[in-house]
Amino acid sequence: MTLHQPLDVDAYISIEHRLGAHNYKPLDVVLTRGERVWVWDVDGKRYLDCLSAYSAVNQGHCHPKILAAMVEQAGKLTLTSRAFRNDQLAHLYEELAALTDSHKILPMNSGAEAVETAIKAVRKWGYEVKGVPEGKAEIIVASDNFHGRTLGIVSFSTDPDARGGFGPFTPGFRVVPFGDADALEAAIGPNTVAFLVEPIQGEAGVMIPPPGYFRRVRDICTRHRVTLILDEIQTGLGRTGRILAEEHEGIVADVTLIGKALSGGFYPVSAVLSNSDVLGTLKPGQHGSTFGGNPLACAVARAALRVLTEEDMIGNADRMGARFVAGLRSISSNHVKEVRGRGLMLAVELHPEAGGARRFVEALRHRGVLAKDTHGHTIRIAPPLVITADEVDFALEQIDAALRG
Ligand SMILES: *Cc1c(COP(=O)(O)O)cnc(C)c1O
């Protein structure tokens with residue numbers, strides 16, 4: 001064991017500044033411990049986490065049952081690669097299939113890898129099943145999308161920060177406005193293989209599409225034999241008060257992508273869930289990942305899924321989300337333009353005259369609440385799904401006070 005001296009806050013920050021790439025601009029809070037909805041900084045100050053690591057920590061920080069599963073599996077077997085089988089993967093398949101009503105599953109690690117996997121599989125489906133000429137497959141995506149940071153994915157981003165300077169880009173994508181079903185239908189051609197979309201656009205600022213949009217999208221995709229791929233990496237696994245956000249829309253996607261909370265924040269685990277023959281096109285050797293489907297990831301994911309249902313976190317997200325959004329709507333502040341939310345995926349959009357969301361997020365941090373500013377004028381709020389009514393009320397009091405300040 002190496003002994004290391006704890007540093008003071010300024011030292012942590014200055015070392016990060018000196019040695020780390022500056023691809024993030026975090027709040028200057030240095031966290032060292034977490035439990036349920038609470039995190040503590042190195043000075044012992046406690047904060048209510050209203051970001052949940054972008055919804056990766058839906059189950060709450062350091063959930064004891066997920067921790068126990070991780071420790072137990074880490075002492076037994078961590079990685080075999082998919083060259084051999086392990087005794088955890090089959091269980092994860094069965095449990096995930098039952099929970100999400102899926103027929104085929106492909107495990108990966110990060111969310112971006114799940115997105116890339118779906119793009120590869122659906123292109124292959126286009127050539128082998130739909131009969132699209134080789135090299136011509138087209139995938140339609142929505143404006144203001146966020147699907148990850150790999151080169152293939154930023155190739156169809158409409159965010160100048162995500163794309164700028166990273167070309168040349170991968171071809172084969174078309175962008176239509178989010179929430180506009182007519183534009184989707186007009187963009188579909190004979191070579192369209194898929195429509196890839198988030199049920200609610202999280203990174204764009206919790207943008208909820210108009211009612212009925214997804215029913216029309218589902219119908220259009222079915223009529224044109226276009227695979228509907230829902231990216232539920234952020235909306236999935238309870239965040240919106242349902243196991244998958246598609247339930248709110250009364251639809252079923254052909255392919256669903258999950259990640260983030262699939263491990264309760266312990267470990268990167270993602271998966272492509274398929275209800276159609278899309279994953280069937282991948283044959284041995286055509287796609288893979290050294291860590292994808294490893295026994296440690298499977299054991300952690302199994303525990304993360306188990307506590308979601310056993311502890312009624314999804315129902316709690318629904319109830320606490322209703323309380324939270326009602327509380328946000330009752331805040332009377334001239335700064336607030338709109339409150340949006342579904343379940344515990346919430347946002348407060350401020351008027352441009354408010355001078356940006358960052359100063360409110362800083363004020364909240366001093367009041368013991370950690371939230372995230374997005375796109376300049378929006379405060380995103382997404383606490384772990386285990387939050388209690390008292391904790392919601394605490395957050396609301398602080399948000400109210402910060403927005404009056
Ligand atoms: C976070 C996120 C991703 C990317 O996941 P990573 O694990 O960061 O690669 C993709 N899609 C959505 C909707 C996300 O929120």
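Figure 1. The structure, a predicted model, holds 0 disulfides. C50 is in no disulfide, and the nearest cysteine sulfur, that of C62, lies 17 Å away. A disulfide requires two cysteine sulfur atoms within 2.5 Å, so the 17 Å between the sulfurs of C50 and C62 rules out that pair. C50 is buried, its relative accessible area being 1%. C298 is also buried, with a relative accessible area of 1%.

**Figure 2. The two domains.** Domain 1 comprises 9-63 + 312-404, and domain 2 covers 77-310. Taken over C-alpha atoms, the centres of domain 1 and domain 2 are 26 Å apart. On the domain 1 side, 31 residues are in contact with 30 residues of domain 2.

**Figure 3. Area buried between domain 1 and domain 2.** About 2600 Å² is buried between the two domains, and carbon and sulfur atoms give 58% of this area. Within domain 1, the residues that lose the most area to domain 2 are I314, R342 and M345, which together account for 31% of what that side buries.

Figure 4. D318 forms a salt bridge with R242, with 3.4 Å between the closest N and O atoms.

**Figure 5. Elements on the domain 1 side.** At least two residues of the side touching domain 2 come from each of α2 (52-55), α12 (313-329), β11 (336-342), β12 (345-350) and β15 (378-381). The largest share, 4 residues, is supplied by α12.

Note on methods:
Residues numbered from 1 in each chain as written. Predicted model: local features only at pLDDT ≥ 70, side-chain atom pairs only at ≥ 80, totals over all residues. Heavy atoms only, no water. Buried < 20%, exposed > 50% of the residue type's maximum accessible area, 1.4 Å probe, protein only. Domains from an automatic or database assignment. Contact = heavy atoms within 4.5 Å. Buried area = accessible area lost by both parts, 1.4 Å probe. Salt bridge = Lys/Arg side-chain N within 4 Å of Asp/Glu carboxyl O.
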